[in-house]
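Please look over the sequence and the model below before reading on.

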Amino acid sequence: MRKILFTVLILIGSLGMYAAEEPVKREMRGAWVATIYGLDWPGTSGTDAAAADAQRSSLKAMLDRLKGAGINAVMFQVRTFCDAMYKSEYEPWAAALTGQRGNAPVDGWDPLQYCVEQAHARGMECHAWVNPFRYSTQAKAYSDRFDAGMRPMLITYTVPARSRRAKAKSTVILDPGNPGAREHVVKVCRDIVSRYDVDGLVFDDYFYPDRLPLGKGYDYNEWRRSGSKLSQADWRRENVNRTVKAVHEMIQEVKPYVQFGISPAGVGGGNGVSASRYGLDDCTGNDWMYDRIFCDPLEWLSEGDIDYISPQIYWTRDHTTNPYEPIARWWSKVADHFGRHFYASHTLSDFAKKGGDTSRAWRERGAQIEINRAAAVNRAPGSIFYAARNIHGFAGHLASAQFRCPALVPSRDWHEASDPGMVTGLKLKGNRLSWKPVDRLCRYTVYAVPHDVDLLDAMSVEYGGLSARYLLGVSYDASYDIPSAYLRGYEYYVAPLDRYGNEWEVSGV
């Protein structure tokens, strides 16, 4: 089912000389946009028109910066504490948006809808970032009408203060062992996927509270009543697995082209326990998530329940216990073993430190991107940067170095897809290139090839189709505004790009 965009490619054995210079055409280049506490966005809160206008303006400016950096996907946080950055019938509006949990913004203002529209207008994907279980970081339940029915499904874990001056820390979560809680998570995700034109849905790394004690107390009686033959720890991991599988099955039912990803902690493999189960080597470093928050990413991958894994490898190459490169190579090998994609999550927190060597941090991330590319035996590398607010100065560096040429998000060839046919009716009027749409859901890739470049020489030997050096961008509509620099001396080509990421045969004008 692999697509060959130009049938003449089979005749181009002589183009091997160009392969060494071939720019990366397929790569996830994402950015995490954190809305919790307004970290990246919205910056200001309120329920009036002025607040909504300011929020729209700041989101547009952020997307412009990300686009300028070469980013092709945004992970927009829409659910932080069982709340919503969109119009939800199941959960209250987020306090970070309006100033008070449950207060609605000015009529018609829906941040997720707006983010999807604005991302797509820039040829970028929008993935809805959801925290599946976290409810509160305070030892109390909320009091509004949305939360009344949720209280029986909650677990509250309070870590005692270590000193008289310190405060006890509490975490309240939806109980993954409660079938009603799992159903609620699926219902919320179904609402998002059904009503919004998102390209993906992604979970972060919050599952059970860190170090929730085993034994009597908390969910002990629930585990015993379940009749499970699993240990309590394995039962907890299985509850997380059930949630992930249920969300995956829901997506396949509703919109199977929507990607489902999870961003767990940086080290996996269960300290050899989980890795050995699948005949895999153990991962460098200590896997704390397996026994402390009770999740096993290898299980999700082995079951085919996620499309991509984005572990938070927040360390440098010279880190003494968790060096970046061997961990990234391990995840790449694991993802390929299960036929899925690995996109590393990188922290940009050191970019914000005063007095730090910013150029050194830039070089480090650039080297990590190159490691991801070298390790991606399936030609599906990727990086997702946390957080978007710290990418500002790095944007120019990315655009002039690793992300000089645009790239398409890797395709998912484990999904069946039908050829939508070639684009027809191509015409250029002024700077507007337009064509007849081939399918309601199809996107399009747009290329500009100089008149003095032979079409065969413009082909990508490694990736198929035209080379990324001629890629102008992606359009979610049947038109594209050609930049003024490309209005003379070029021929234009357009190819359907389906929602699974497959690029089909091009047409020229």
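Strand β13 and strand β14 (residues 432-436) pair in the antiparallel sense over four bridges, where strands are DSSP runs of E with at least two residues, helices are runs of H or I with at least four, both numbered from the N terminus, and two strands pair if DSSP finds at least two bridges between them. This is a predicted model, in which local features need pLDDT of at least 70 and side-chain atom pairs count only at pLDDT 80 or more, while totals for chains, interfaces and linings use all residues. Residues are numbered from 1 along each chain as its sequence is written, and side-chain values use heavy atoms, with hydrogens and water left out.

Within the pairing of β13 with β14, Lys-427 stands opposite Ser-434 of β14, and in the hairpin that these strands form, with two residues between them, Gly-430 adopts a positive phi near 65°. On to the next pairing: β14 is joined to β17 by three bridges, and these two strands run antiparallel, with Arg-432 having Asp-481 in β17 as its bridge partner. Taken together, the three strands make an open sheet in the order β13-β14-β17 with antiparallel pairing, whose edge strands, each pairing on one side only, are β13 (424-429) and β17 (479-481). Neighbouring strands of this sheet are turned by 10° against each other on average, direction ignored, the axes being lines fitted to C-alpha atoms (for helices over the stretch in contact) and angles running from 0 to 180 degrees between N-to-C directions.

Strand β15 (residues 443-450) contains Thr-445, which is buried, with a relative accessible area of 0% (buried means under 20%, exposed over 50% and partly exposed in between, with a 1.4 Å probe and protein chains only). Leaving aside neighbours within four places in sequence, Thr-445 is in contact (heavy atoms within 4.5 Å) with residues including Leu-408, Leu-471, Tyr-493 and Glu-503.

Two packed helices are described by the angle between their axes and the distance between the axes. For helix α10 (residues 324-337) and helix α11 (residues 358-375), the axes come within 9 Å and cross at roughly 35°. Where they meet, α10 contributes Tyr-324, Glu-325, Ala-328, Arg-329 and Ser-332, and α11 contributes Gln-368, Ile-371, Asn-372, Ala-374 and Ala-375. The residues of this contact divide into five nonpolar, three polar and two charged, with Ala, Val, Leu, Ile, Met, Phe, Trp, Tyr, Cys and Pro counted as nonpolar, Asp, Glu, Lys and Arg as charged, and the others, Gly among them, as polar.
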